[in-house]
Amino acid sequence: MPYRRCGRSGLDLPVVSLGLWQNFGGNDVFETGRSILRRAFDLGCTHFDLANNYGPPYGSAEENFGAWLKADFLPYRDELIISTKAGYDMWPGPYGNGGSRKYLLSSLDQSLKRMGVDYVDIFYSHRVDPTTPLEETMSALVQAHRQGKALYVGISSYSPELTRQAQAILKSEGVPLLIHQPSYSILNRWIEGGLLDTLDDLGVGCIAFSPLAQGLLTKKYLGGVPDDARVVRGVHFPKDVLNEQVLGNVGALNDIAQARGQTLAQMAIAWVLRDPRVTSALIGARTVQQLEDSLGALKRLDFSPDELARIDANSSSEGVDIWEGSSSVKEL
């Protein structure tokens, strides 16, 4: 597992990190999730990424992670990077959503309790809350950092403009902005429009989530739309995404991957990592086999100019960026 330095910090991250957004909640098979985490760690994936409302149900991914940590990983706590986030819907009432100090700090305390840890390595503002002053949201990250409940702080799905403002606020308080977590894939290239340059200029790391475009950049859709696809269930996937042109692009990308000796998923992960400004690609996994297939991307990370040109020709945006509402906010 190669590691990359996260911005201008002293922290190295594995180039592939494991996210627990899907498949690790209370509705999933406990021992399957445990096996995936154990195998990931054995293969050098030392970063596990969570959020308060990962599940379903909300909070259950952190609860399961706490159980796996206690059973298997406590002796290796200092070899792990554990991150969590708050910003989206978590509990009923006026204080369980958004970017207020009340919500973020309460949520962090709940996350620590669910996971059975005294601190997380990274705590994120999960999204821009246009109804809360940016200074207030950043002040919550500052407090979490000063209390030692988060060793580092980050933001997710912030525009380049708000990223600069957030970094300046944190810097004025003596707290570095460690990392930004944006969506990024062959079919979702919004961060190339200024965010990557901004992060490079500020010395902030970048961990790209959804590099497989919600499963679109896998073999799953090569034969059409399966009955259990997210787009059919309407879960975290726009229903109008799949059409003849999109499926044609995915098929063409698969041909490029096969010519490289990779699966489509492996090429998609390698493509995200082609840019050294991307510290890590954040993947999910349903099975140990799927995890191992994804990590097979590390066997070939290089691309020829011709391959990149062919990928570009089939990489127009397909509407998979369901976080655009947050990342398009330019000022508060």
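Mentor: Before anything else, bear in mind that this is a predicted model. Let us start with helix α5 (residues 160-172) and helix α6 (residues 195-202), whose axes come within 9 Å and cross at roughly 20 degrees. Angles under 35 degrees count as roughly parallel, so α5 is roughly parallel to α6.

Trainee: What is the handedness of the crossing where α5 passes α6, and which residues in α5 meet those in α6?

Mentor: The crossing of α5 with α6 is right-handed. On the α5 side, Pro 160, Thr 163, Arg 164 and Gln 167 take part, and they meet Leu 195, Thr 198, Leu 199, Asp 201 and Leu 202 of α6. By type, the residues of this contact divide into four nonpolar, three polar and two charged.

Trainee: Is Ser 83 buried or exposed, and what is it in contact with beyond its neighbours in sequence?

Mentor: Ser 83, found in strand β5 (residues 81-86), has a relative accessible area of 0% and is therefore buried. Leaving aside neighbours within four places in sequence, Ser 83 is in contact with His 47, Phe 48, Asp 49, Leu 50, Ile 122 and Tyr 124.

Trainee: For the backbone, which residues does a cis peptide bond join?

Mentor: As a background to that question, most residues other than glycine have a negative phi, and most peptide bonds are trans. Here a cis peptide bond joins Gly 55 and Pro 56, with omega about -10 degrees, and a cis bond also joins Pro 56 and Pro 57, with omega about -5 degrees. Pro 56 lies in the loop between β4 (47-49) and α2 (60-73), and Pro 57 is likewise placed in the loop between β4 and α2.

Trainee: Which residue is in contact with Pro 56 and Pro 57, leaving aside neighbours within four places in sequence?

Mentor: That residue is Asn 27, which lies in the loop between β3 (16-19) and α1 (30-42). Asn 27 counts as exposed because its relative accessibility is 60%. Asn 27 and Ser 60 are 33 residues apart in sequence, while their C-alpha atoms are 8.5 Å apart in space.

Trainee: Which residues have a positive phi although they are not glycine, and are they buried or exposed?

Mentor: Ala 213 has a positive phi of about 50 degrees, and Gln 214 has a positive phi near 60 degrees. Ala 213 is placed in the loop between β9 (205-209) and α7 (230-233), and the place of Gln 214 is also in the loop between β9 and α7. Since the relative accessibility of Ala 213 is 1%, Ala 213 counts as buried, and at 7% Gln 214 counts as buried as well.

Definitions and conventions: Residues numbered from 1 in each chain as written. Predicted model: local features only at pLDDT ≥ 70, side-chain atom pairs only at ≥ 80, totals over all residues. Heavy atoms only, no water. Axes fitted to C-alpha atoms, helices over the stretch in contact; angles between N-to-C directions. Helix = DSSP H or I, 4+ residues; strand = E, 2+ residues; numbered from the N terminus. Parallel < 35°, antiparallel > 145°, perpendicular 65-115°, else oblique. Left-handed = near helix turned anticlockwise from the far one by under 90°. Contact = heavy atoms within 4.5 Å. Nonpolar A, V, L, I, M, F, W, Y, C, P; charged D, E, K, R; others polar. Buried < 20%, exposed > 50% of the residue type's maximum accessible area, 1.4 Å probe, protein only.
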